[in-house]
Amino acid sequence: MDRIETRALVAGKWRQGSGDLVQSRNPFDGSQITELRFTDASDVEEAVAGAKTAQTDAAWREMLPHNRARLLYRIGDKIEENAEAIASLQTLDTGKTLTETGALAASAAGTFRYYAAALETLEDAITPSRGEYLTMSVHEPIGVVGAITPWNSPIASDAQKIAPALAAGNAVILKPAEWTPLVSLALGRLCEEAGLPPGLLSILPGHGRETGAAIVSHPAIGKVSFTGGTQTGLTIARSAAAKLMPVSLELGGKSPTIVCDDADIERAIAGILFGIFSSTGQSCIAGSRLFVAQSLYAEFVDRLVSATRSLKVGNPRDSQTQVASMADHSHRDKVAAYVERARDEGGKVLCGGTIPGGKLRKGAFYMPTIIADLAPDAEALREEIFGPVLAVLPFQDDEDLIAQANDSVYGLACGIWSRDAARSWRIARRIEAGTVWINTYKQFSISTPFGGWKLSGMGREKGREGIRGYQHQKSIYWNMADAPHPWAGV
Ligand code: NAD
């Protein structure tokens, strides 16, 4: 990766998009990184036509699974060889700490390797037949799939869609988020260098309402895999319904974290801080509602507040930094406005709630914030803030806890801190969420499915079955009998 790629990848050609000229900014200090021309609906048209040709070409359609797997392994290797450069570019574009973007780059390489291995080991089925015929359930690629990703962890979100979609034999049109297209374009270069045939992957930086909407509504796109906000997900689902297109939707969250009265307090405090304040709270799975057993509440919240005050807020390239800037100044202002409204609604801001000055004043920084005393219907308890803002509440007993924790339109994740195994199990089973962590938080494995309940999403990514989301199932009945068909000679 010798330079920052700003051109779009359209049907195998690197060229400027046909849309407007936009500036890409570094949220750490507001400086301009580069300029790029976005794509529009005409570029989507060209990318889809190229993808159809490439996907149906015998070279790809008939590529044997082990050869497709080799290609994915090579992409994984390319990402690993360029991991430092990718991490650095993502830090520039998103403002995230280098520690985190390094881990995301490593995970993206792992995702390609996982799907290479999965693709070679997935089996179709011979099903029990009810006569002299062979019955089979097999799987075919969907064709051309759209992938639309958000700005918070672009390299990981992109890999999580591109790897299984290619493993399944599709072509992919990827639209990265407006604020963070650079790392996605870099990934496109690496896929090309690894030998991915031209046209199979197009990368179209662009506006959601234009390029994104054109991908979703295009008649030749057979599936859209979307990660982003719930309102956008609902818009996409409505558009998909009009052509009965399958979609997978990884959406927002307002995840509860629970501290039972038997918890290991030190571990819980460290896990809770990481759960909400890593990625500066810009994480779908951020543990943004904290429920603490009433008997511990006052002392625990005091300790949590002082631990929060000691977090290192600063330059994302400093290995000591724990909380960096947000991804964009406008998003920081949105988060600050949420906190102001929480104050107006009677919330007590125990720490943070401010935009730092001094050396950090030019960046999109917001101090880690804890708010107490919010009423159950307060906006800050109901809506996803997507920033470093934690709401704390007490609970009386497990029934009260379950009722409060499940009282949300979201159902993405949950954390439980308890030394009591049976109790943890009971709570974990009753929580309405796609992922539950017990005595840990934000741990992931590519081999374990991920997705949301309720308004947090639909469908699952990751795991071997992740490939199936990019395939059509087909049943085949094959006559094995010599006997003539009963209607023969009619
Ligand atoms: P967003 O919904 O604003 O944008 C996501 C993507 O959708 C962007 O690429 C955007 O350009 C595109 N888009 C916008 N309008 C569109 C339209 N009408 N048609 C097609 N595409 C359109 O979300 P964001 O602000 O980029 O990301 C933050 C959100 O993403 C948060 O809600 C967060 O919880 C969620 N998220 C979810 C997961 C998950 O796995 N569940 C992971 C990361 C982020």
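1. At what angle do helix α4 and helix α7 pack, and how far apart are their axes? In this predicted model, α4 (residues 83-94) and α7 (residues 182-193) pack at an angle of about 155°, and their axes are 9 Å apart. Angles over 145 degrees count as roughly antiparallel, and α4 and α7 are therefore roughly antiparallel to each other.

2. The contact between these two helices can be listed by residue. On the α4 side are I86, L89, Q90 and D93, and on the α7 side they meet L182, V183, A186 and L190. Sorted by class, the contact of α4 with α7 has six nonpolar residues, one polar residue and one charged residue.

3. Strand β18 covers residues 413-417, and five of its five residues are buried, so the strand is largely enclosed by the rest of the structure. In a regular strand the side chains alternate between the two faces of the sheet. In β18, A413, G415 and W417 point one way, while C414 and I416 point the other way. Residues on both sides of β18 are buried.

4. Which strands pair with β18? Strand β12 (residues 256-259) pairs with β18 in the parallel sense, over three bridges. Strand β19 (residues 435-438) also runs parallel to β18, and four bridges join the two.

5. A separate point concerns an open sheet of three strands, in the order β5-β6-β22, with antiparallel pairing. Its edge strands are β5 (125-127) and β22 (471-479), each of which pairs on one side only. Neighbouring strands in this sheet are turned by 30° against each other on average, with direction ignored. Strand β5 is joined by three bridges to β6 (residues 133-141), and the two run antiparallel. Within this pair, T127 stands opposite T135 of β6.

6. Most residues other than glycine have a negative phi, and most peptide bonds are trans. A11, however, has a positive phi near 50°. A11 is found in the loop between β1 (8-10) and β2 (13-15). F386 also has a positive phi, near 60°, and is found in the loop between α13 (379-382) and β16 (389-395).

7. Are A11 and F386 buried or exposed? The cut-off for buried is under 20% relative accessible area. A11 has 18% relative accessibility and so counts as buried. F386, with 17% relative accessibility, therefore counts as buried too.

8. N170 is a further loop residue, placed between α6 (154-167) and β8 (171-175). The relative accessibility of N170 is 0%, so N170 counts as buried. What does N170 touch? Leaving out residues up to four places away in sequence, N170 touches Q55, W60, P141, I142, G143, V145, A165, L200 and Y470. One of these contacts, P141, is 29 residues from N170 along the chain, yet their C-alpha atoms are separated by 5.5 Å.

Terms used
Residues numbered from 1 in each chain as written. Predicted model: local features only at pLDDT ≥ 70, side-chain atom pairs only at ≥ 80, totals over all residues. Heavy atoms only, no water. Buried < 20%, exposed > 50% of the residue type's maximum accessible area, 1.4 Å probe, protein only. Pairing = 2+ DSSP bridges. Axes fitted to C-alpha atoms, helices over the stretch in contact; angles between N-to-C directions. Parallel < 35°, antiparallel > 145°, perpendicular 65-115°, else oblique. Contact = heavy atoms within 4.5 Å. Nonpolar A, V, L, I, M, F, W, Y, C, P; charged D, E, K, R; others polar.
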